[in-house]
Amino acid sequence: MSLSEPAVALPTRLPWVAALSRFGDRVALHAPGGIVTYTELRDRVETRARDLAGPRRLVQVVGGSTADVDTVVALLAAQAAGHVVLLTPSGDAAAEVRRAYDPDIVLDAAGVELRRTEPGYDLHPDLALLLSTSGSTGSPKLVRLSTDNLAANARQISTALAIRPDDCAALTLPLTYCYGLSVLTTHLTVGASVLLTGASVVDPCFWAAAEAAGVTTIPGVPHTFELLERSGFAERELPARLRVLTQAGGRMDPDRVRRFAELGRRRGFDLVVMYGQAEATARMTTLPPDLALTHPDTVGRAVPGGEILIEDGEVVFRGPNVMLGYARETADLALGRSVAELRTGDLGELTEEGLLRITGRRARFVKVLGHRVDLDALEQRLAQDTPGVRVAGRDGLIGIAVPGPVAAPALESVRRAVVRRCRIPRDAVRVVAVDEPLLLSNGKPDYAAVLALADGTALRGSVAAGGSSGIDSSGIDAVAAVYADVLAVDVGPDATFVELGGDSLSYVEASVRLEEVLGRLPEDWHLMTVAALADLTGRTASDLATAADEPATPPHRLHRWLRWPTIETSIWLRAVAILLIVGTHAGVVTLQGTANALLVIAGYQLARFQLSGDEPRERSRRILAAVGRIAAPTLAVIVVMHLLFDRYEPRNLVLLNWVLGEAALGPPWRFWFIEALVVALLVVAALTRSRLLARVDGRLPFLWPLALASTAYWVFTANWPGLPVPRMHGSALVVLHLVLLGWALARARSVPQRLVASVAAWWMIGEFSGNPKRDGLTLAVVLVLLWVPRSRVPAVLVPALKVLAAASLYVYVIHWQALELLWEWPLLAFAGSLALGVAYWWLWTGPLTRSWSMVRSRIGAQHGLRFRARLP
């Protein structure tokens with residue numbers, strides 16, 4: 001079929017449909033199955049439109065939670081054929097709207113359901129699209145939008161955002177949501193492309209697809225930006241063409257707006273905050289990127305052709321994109337325009353600069369993940385089955401209070417019903433049981449108390465369904481218990497392992513215990529919230545087995561020990577390294593070089609944990625805390641040995657042998673590794689503290705640490721005459737570059753960067769010590785870490801490897817004492833050193849830490865003092 005002879009005349013009043021015939025072989029969609037050009041998309045739309053030929057009718061297009069090619073084709077075909085589109089999400093919401101409006105044709109995943117060949121209702125000639133306005137609370141009220149509304153808003157948004165033909169937007173939002181729909185229509189209108197993906201922004205697959213598609217725009221709702229921030233977006237290697245992030249779908253915290261705007265200034269992208277409603281087709285205002293830093297609590301100015309007014313404190317919008325009106329029943333589909341302006345129901349004010357600031361809501365509506373939820377309608381529906389139930393909410397959260405003693409399964413049933421009906425995330429619903437109704441003094445429901453109770457419920461408190469995050473409380477409790485035991489801190493549902501102070505020392509222990517609860521962990525689990533991790537407990541056994549490439553139901557216990565599960569390479573490398581270190585010192589083997597490799601691994605983990613996030617002070621604080629956790633167990637051994645047995649020197653008591661020691665090997669140099677690691681962490685903490693250098697790191701996340709490592713290597717390995725410290729191989733400054741190199745390795749995300757990192761590692765390590773075997777082993781470990789971040793190992797070895805990796809610092813610190821006692825028996829000395837180190841690790845991280853927590857709690861309660869939550 002030629003472009004000049006379309007099978008169906010594509011309507012020119014909808015510019016994105018007309019665009020299908022204009023842009024030829026330019027890419028329109030990037031989908032999991034491959035690219036779709038404008039020509040290919042037009043052909044598919046025409047084919048489907050022929051199936052819909054006939055008189056103008058009401059066509060229900062059912063979309064999924066994310067956009068896909070079939071849904072896009074169905075939507076465009078219905079519009080190309082001139083029908084009125086009833087756009088709904090799948091599931092219960094689609095069924096309920098279908099019962100209320102009885103469409104003539106249904107387009108869903110099953111195909112075309114032709115229910116009538118003639119229109120069942122009178123359809124106004126201007127009517128083009130029906131969208132839900134109150135989220136999917138079951139309310140049948142729909143927004144009536146005209147062709148002119150749709151075309152006008154597409155032009156308004158395209159102009160306001162300066163969308164270009166070479167742009168590509170990552171569409172992770174559903175098409176059934178007006179924001180997601182506008183992303184598609186505005187980009188197709190100008191000949192740009194759209195990436196369709198079901199992957200979350202925390203999924204590495206999303207970023208791989210974004211890079212491959214050349215994504216320039218990432219749209220999101222506040223929850224999207226929360227996920228971005230918690231998954232290490234600030235340190236992530238961003239798509240090379242990324243130029244703008246857009247935000248709508250509810251109020252985003254001004255501090256988060258400011259952080260993303262500042263990050264964008266450093267990394268080279270803009271943040272555009274927007275405000276809209278389905279009643280205005282999609283967008284009403286946009287905040288210019290250059291004002292996001294100075295006015296983060298505003299949503300900008302009206303889109304071109306629009307006008308914002310404040311009447312009696314309420315935000316009123318006028319413009320060509322204002323809806324025709326609402327539809328509450330099928331008879332309303334014949335109505336023309338019934339409103340001239342949009343009274344938004346939001347309270348607001350205009351700043352001196354003409355920027356709109358939203359200050360509250362006039363009615364009981366909230367937005368959750370971009371879905372507008374009518375709290376009154378939801379409460380009425382829940383009350384049919386649960387009399388006396390009260391529903392409150394704010395943007396991002398729905399709190400539900402159920403009266404009387406109610407069993408946990410019943411509360412969980414309420415939570416599931418809300419999630420299913422409203423199509424919102426599980427962690428946005430919190431259900432609590434109350435002994436008596438929550439009322440104001442005038443007898444009216446106290447919705448503020450309902451929200452406060454849901455919003456402030458303790459982790460193991462009165463929440464019986466949803467915990468503090470809408471997930472089964474048992475799942476949250478299990479994850480929280482692991483963190484509480486490993487880190488000895490108070491744990492909330494929105495905290496991440498890194499935010500709680502987790503580091504490479506506690507990472508292994510936490511991962512071991514979490515895998516017992518959750519099965520195989522995601523690669524970035526340490527950046528996921530407790531609630532998000534707890535959500536993994538809801539997966540089925542077959543889901544977990546699929547993720548781990550293992551049978552769902554092993555036939556015999558022996559089978560589990562014969563598996564080769566996947567674990568992080570750094571874990572078994574740490575275990576093997578400490579075995580070789582102790583074995584070499586005990587005389588069992590002679591394989592040097594793994595201590596240097598451990599320094600690189602330490603830098604690698606430093607970048608993953610302490611250097612995550614974007615706030616310089618917080619990053620520096622985490623690094624200094626790690627210094628304490630390394631130094632404290634080391635000094636405990638040194639002090640005891642010095643005071644009781646006259647071992648070591650006073651300079652060892654302050655970890656300054658690298659400065660004050662002699663240039664000759666001896667017992668004082670036994671702790672060179674600890675000194676080197678502490679010095680490296682202090683250097684990085686100082687560099688991280690500087691906002692200027694933090695901006696450099698943000699702009700050059702890979703090149704910056706690589707430049708630091710190269711500089712340290714060139715300066716401190718040359719015979720610099722002014723170096724005022726012993727020039728021993730293990731001197732802290734001489735090996736500083738190894739930790740910095742590990743930092744760079746963790747930031748090497750692409751293949752070209754890994755190749756550059758490999759060359760740099762060869763340069764800095766290949767001839768570092770002058771011992772080819774030693775340097776060769778170090779380099780081999782580093783390259784495995786770089787190129788094989790996750791690997792399979794025999795299941796039978798996993799428990800021992802993880803224990804040794806977790807205890808590696810403690811083994812290193814104390815193994816010298818065992819060697820002194822058992823040096824005549826190498827194998828016994830080797831085994832005894834490992835046993836003593838593991839015992840020391842268990843004692844320090846277990847009984848001693850718990851005892852310190854108890855003492856701290858009692859003293860704090862008695863004197864109102866605050867102490868560190870755990871031993872350093």
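Leaving aside residues up to four places away in sequence, Ala 162 touches Asp 167 and Arg 243.

**Confidence of the model**

- The average pLDDT of the chain is 83, and 85% of the residues score at least 70.
- Residues 134-138 have a pLDDT below 50; in the model this stretch has 22 contacts beyond near neighbours in sequence.
- The pLDDT is also below 50 over residues 457-473, a stretch with 61 contacts in the model beyond near neighbours in sequence.
- Where pLDDT is low, predicted coordinates should not be read in detail.

**Helix α4 and the residue after it**

- Helix α4 covers residues 92-101, and its buried residues are Ala 93, Ala 94, Glu 96, Val 97 and Tyr 101.
- Viewed down the axis of α4, these buried residues fall within an arc of 165°, so they line one face of the helix.
- Asp 102 follows α4 and belongs to the loop between α4 and β5 (105-108).
- With a relative accessible area of 28%, Asp 102 is partly exposed.

- Most residues other than glycine have a negative phi.
- Asp 102 has a positive phi of about 45°, although it is not a glycine.
- Leu 655 is not a glycine either, yet its phi is positive, at about 55°.
- The position of Leu 655 is in the loop between α20 (616-645) and α21 (657-660).
- Leu 655 counts as buried because its relative accessibility is 9%, and the limit for buried is under 20%.

**The second largest pocket**

- The second largest pocket has a volume of about 1,000 Å³.
- Its lining consists of 37 residues, of which Arg 236, Glu 237, Ala 746, Ala 748 and Arg 749 are the closest to the centre of the pocket.
- Three helices, α7 (204-213), α19 (594-608) and α25 (736-747), each supply at least two residues of this lining.
- Helix α7 gives the most to the lining, with four residues.

Methods. Residues numbered from 1 in each chain as written. Predicted model: local features only at pLDDT ≥ 70, side-chain atom pairs only at ≥ 80, totals over all residues. Heavy atoms only, no water. pLDDT = per-residue confidence, 0-100. Contact = heavy atoms within 4.5 Å. 1 Å grid on protein atoms, 1.4 Å probe; cavity = no way out; pocket = protein on both sides within 12 Å on 5 of 7 lines; lining within 4 Å. Points joined across faces, edges and corners; volume = space filled by probe spheres on them. Buried < 20%, exposed > 50% of the residue type's maximum accessible area, 1.4 Å probe, protein only. Arc of directions from axis to C-beta.
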